[in-house]
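I opened the model today to look up a few local features. My notes follow in the order I took them.

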Amino acid sequence: MKKALILLGCPESPSQTPLALYTTHELKKIGYDVTVASTPSATKLLEVSDPEEFYVDKKIDLETCLENLEEKEYDLLVGFVHKDAAVAYFVTF
């Protein structure tokens with residue numbers, strides 16, 4: 001099974017959570033095993049938006065994920081960022 005990782009930073013943009021839920025749903029439909037790595041505040045928004053874990057059933061803390069990320073562990077990386085600095089940070093992975 002293909003694996004995807006969705007990275008969510010601080011949820012300053014109101015579209016981040018719905019886009020993450022939608023992307024997770026669409027990736028699962030085409031056969032991906034999806035994990036969402038997020039900051040604590042983004043995780044709380046996911047939990048409120050999807051309390052039954054219908055869409056996001058695999059969550060991990062962003063810092064823990066990045067510290068332990070291994071090359072080729074995921075087939076697809078998706079990130080939701082809205083600042084240039086965050087984009088630069090994300091593309092290093």
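I started with Ser38, which is found in strand 2, residues 32–38. This is a predicted model, so I read each value below as computed from it. Is Ser38 buried or exposed? Ser38 has a relative accessible area of 0%, so I noted it as buried. Next I listed its contacts, leaving aside neighbours within four places in sequence. Ser38 touches Leu8, Thr43, Leu46, Ile60, Asp61 and Leu62.

Helix packing came next. I described the two packed helices by the angle between their axes and the distance between the axes. Helix 1 covers residues 16–29 and helix 2 covers residues 40–49. They pack at an angle of about 65°, and their axes are 10 Å apart. The crossing of helix 1 past helix 2 is right-handed. Which residues make the contact? From helix 1 I found Gln16, Thr17, Ala20 and Leu21. From helix 2 I found Ala42, Leu45, Leu46 and Ser49. I sorted the residues of this contact into five nonpolar and three polar, with no charged ones. Leu46 of helix 2 is in this contact, and Leu46 is also among the contacts of Ser38.

Then I turned to the rings. How many aromatic pairs are there? I counted one aromatic pair. It joins Phe54 and Tyr55, with ring centres 4.8 Å apart. Their planes stand at 90°, which is over the 60 degrees required, so the pair is edge-to-face. Phe54 is exposed, at 60% relative accessibility. Tyr55 is partly exposed, at 29%. I also looked for a charge over a ring. Lys3 lies over the face of Tyr74, at 4.9 Å from the ring centre.

I checked Leu66 in helix 3, residues 62–68. Its relative accessible area is 12%, under the 20% cut-off, so Leu66 is buried. Leu66 and Leu7 are 59 residues apart in sequence. In space I noted 9.6 Å between them, C-alpha to C-alpha.

Last, I looked at backbone angles. Where does Glu53 sit? Glu53 is in the loop between helix 2 and strand 3 (59–61). Its phi is near 55°, a positive value in a residue other than glycine. Glu53 is partly exposed, with a relative accessible area of 39%. Lys72 also has a positive phi, near 65°, and is not a glycine either. I placed Lys72 in the loop between helix 3 and strand 4 (76–80). Lys72 reaches 75% relative accessibility, so I logged it as exposed.

Key. Residues numbered from 1 in each chain as written. Predicted model: local features only at pLDDT ≥ 70, side-chain atom pairs only at ≥ 80, totals over all residues. Heavy atoms only, no water. Axes fitted to C-alpha atoms, helices over the stretch in contact; angles between N-to-C directions. Helix = DSSP H or I, 4+ residues; strand = E, 2+ residues; numbered from the N terminus. Left-handed = near helix turned anticlockwise from the far one by under 90°. Contact = heavy atoms within 4.5 Å. Nonpolar A, V, L, I, M, F, W, Y, C, P; charged D, E, K, R; others polar. Buried < 20%, exposed > 50% of the residue type's maximum accessible area, 1.4 Å probe, protein only. Phe/Tyr/Trp six-rings, centres within 6.5 Å; stacked < 30°, edge-to-face > 60°. Lys NZ or Arg CZ within 6 Å of the ring centre and 35° of its normal.
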